[in-house]
Amino acid sequence: MEVQGRIKVIGETQTFGNNGFRKREIVVTTEEQYPQHIMVEFVQDKTDLLDNYQVGQQVKISINLRGREWVNPQGETKYFNSIQGWRIEALQTEASGTNMPPVPPADAFEPAGDLNDDDHDDLPF
């Protein structure tokens, strides 16, 4: 799976426990009708992949979804999900060109002329 967007935040590498487990988080804002702020974590040697990236850059991140089960002291089972990145690459910016075709201006379309006034409310709800 992949996530594409603009880098909003790049966190510092954090180290946990006696074994030196390393984790680094990045937040990417998607560019769609309703932008989402997606936090992706890179772990262990993958934390170094973020060194060459900056806030504001367009990127594509290859991800895996991870889930785990935890039983709290009261005996209740809880489930947690995380998004783990394993590759990141810079995307071309609009200034250097994209593969998207240009959108024609709105006045390039003719208005619909075959509307029937009797069919003004044909929705089923």
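1. Lys23 and Glu25 form a salt bridge whose closest N and O atoms are 3.3 Å apart; the term denotes a side-chain nitrogen of Lys or Arg within 4 Å of a carboxyl oxygen of Asp or Glu. Salt bridges with shared partners join Lys23, Glu25 and Glu41 into one network. Lys23 is buried, at a relative accessible area of 18%, whereas Glu25 is partly exposed at 28%. Here buried means under 20% relative accessible area, exposed over 50%, and partly exposed in between (1.4 Å probe, protein chains only).

2. The model is predicted: local features need pLDDT of at least 70 and side-chain atom pairs count only at pLDDT 80 or more, while totals for chains, interfaces and linings use all residues. Residues are numbered from 1 along each chain as its sequence is written, and side-chain values use heavy atoms, with hydrogens and water left out.

3. Glu41 is buried, with a relative accessible area of 13%. Leaving aside residues up to four places away in sequence, Glu41 touches Lys23, Arg24, Glu25, Ser82, Ile83, Gln84 and Gly85; contact means heavy atoms within 4.5 Å.

4. The salt-bridge count comes to six. One of them pairs Lys60 with Glu2, the closest N and O atoms being 3.8 Å apart. This pair links distant parts of the chain, as Lys60 lies in strand 5 and Glu2 in strand 1 (residues 2–10), 58 residues apart. Lys60 is buried at 18% relative accessible area, and Glu2 is partly exposed at 46%.

5. Asp48 forms a salt bridge with Arg22, with 3.7 Å between the closest N and O atoms. Asp48 sits in the loop between strand 4 and strand 5 and Arg22 in strand 3 (residues 21–29), so the pair ties together parts 26 residues apart in sequence. Both are partly exposed: Asp48 has a relative accessibility of 40% and Arg22 has 24%.

6. The protein chain has zero helices and six strands; helices (H or I, at least four residues) and strands (E, at least two) are DSSP runs, numbered from the N terminus. Strand 5 (residues 58–71) and strand 6 (residues 77–90) run antiparallel and are joined by 13 bridges, pairing being assigned if DSSP finds at least two bridges between two strands. Trp70 stands opposite Lys78 in strand 6. The two strands form a hairpin with five residues between them, and Gly75 in the turn has a positive phi of about 90°.

7. Of the 125 residues of the protein chain, 22% count as buried.
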